[in-house]
Amino acid sequence: DGYDKIRGGVSDGYDKIRDWHHDKFQDDDWKVNQKKFTKDRCWAPLYQGRSMEGMPIAGAHNAHAYGNGLNCFYDSQRHTPEEQARRGIRFFDVDYDVSRDRMYHGNKDYPEETHLYYDSAPSFFESLARGAKSCPQDVYFLMLSDYKDPKGRGNALNSLYAPLRQKWAGRVLFMETCYTEHEAYKKNKVEKGWYLDAYAKYAGAIIMMTKDGCDGKKPQGNPLPKSTWDTAVHKTLDPFNSNHLEDLICTGHYAGKFVIIDHYKKTACDSRILSPDAIQKPGHGWYRCRRGGPPTVFSNDYAEAIDLPEDCCETGTVTMQAYLRNHFFAPDAGQLEKVEAGCYTIRDKTLCCRFYDGRPSLLGQLCVPAKSGMKYPSGNLCQPDIWAKKNEPAQVGMCAQTTTTPPPTTTVPADTPNWTN
């Protein structure tokens, strides 16, 4: 039967075309080919004093389904959750069977006995928490994708909360609520417009969310993230024809949304033969129109398996390049200083941009000056960025080092941190 063949690790003859060479494709202007994300490199220092607007996030599709690569149809990842976290992955999606307390992976069109089972929820979260210890101030995301539970998605999410809360050192927050009776949801909701808040506000937290709705109920709180699966998938060697993905996320259904570019081929069997050019294309699409607004997740199979025989897929590296090309995160901005008393105490516009707010309620917000020739209504010359945009938007100026001109697309800026091997 077809699924027996797939369970053996063969998928539609794709293994027969794994003969491309690294010099076959010429559109490698993002310089990601065989570049590894530096192990234990943290994202938090890059967002010092900044919000999460426009933030690119490295993700792992079916993060729980890891194996030795022999069964590429089911084993979507080659690294454990711990290793994924240590290699820059910050967005993890999982499938969960509540009655068995096991993560699983399987095509719904095949008999259930063909589904493969992986870690229990406590084991998965223990591994993930070990990886997060390397970067305890980073922000992490967990998405429940498929599930098995007759009581519905809300109950499945609740079943994951308890073991996650036990294993996770920081806060466990929620992007939206599928139901309201659980007290944890009421106390730990992420507010609307969360990505406009300072990154530091969520330091060390893991934010839970669900995929594809709440069993027909309207979610309470933030809109659900939008996944491109499988709208963005193409059946060619490289996954995207022309500007398909760019059009999809720039002007189509996903424009202006918190979007998850949810892996680039239907299985890891297919993903692992993608060229470096193909891995870059989601980044190219993102760069065309999504340098601001809600975050974008680059979620892929075989994330950061660069040092393995499959030589795939430069997910963390693409995400870092996206970061470097985002004008919100000028790579030459240098280290900012904290002003404990608050941005408003700075009386020189030229000094304003060197600081971020140190007050607990506004911690991490960039200091931004008033427009040239203007003061804020309060009479101040300098205010915390996010607060000012919400309360005094007409007077908000711009820091000189923040530019809409991206770094050159052919080289990495010379002062860029050494983030590849």
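At what angle do helix 3 and helix 4 pack, and how far apart are their axes?

Modeller: This is a predicted model, in which local features need pLDDT of at least 70 and side-chain atom pairs count only at pLDDT 80 or more, while totals for chains, interfaces and linings use all residues. Residues are numbered from 1 along each chain as its sequence is written, and side-chain values use heavy atoms, without hydrogens and water. Helix 3 (residues 121–132) and helix 4 (residues 153–167) pack at an angle of about 35 degrees, and their axes are 9 Å apart. Helices are DSSP runs of H or I with at least four residues, and strands are runs of E with at least two, both numbered from the N terminus. Axes are lines fitted to C-alpha atoms, for helices over the stretch in contact, and angles run from 0 to 180 degrees between N-to-C directions. The crossing of the two helices is right-handed, that is, the near helix is turned clockwise from the far one by less than a right angle.

As for the residues that meet (heavy atoms within 4.5 Å), helix 3 contributes Ala121, Pro122, Phe125, Glu126 and Ala129. Their partners in helix 4 are Leu160, Pro163, Leu164 and Lys167. The residues of this contact divide into 7 nonpolar, no polar and 2 charged. Here Ala, Val, Leu, Ile, Met, Phe, Trp, Tyr, Cys and Pro count as nonpolar, Asp, Glu, Lys and Arg as charged, and the others, Gly among them, as polar.
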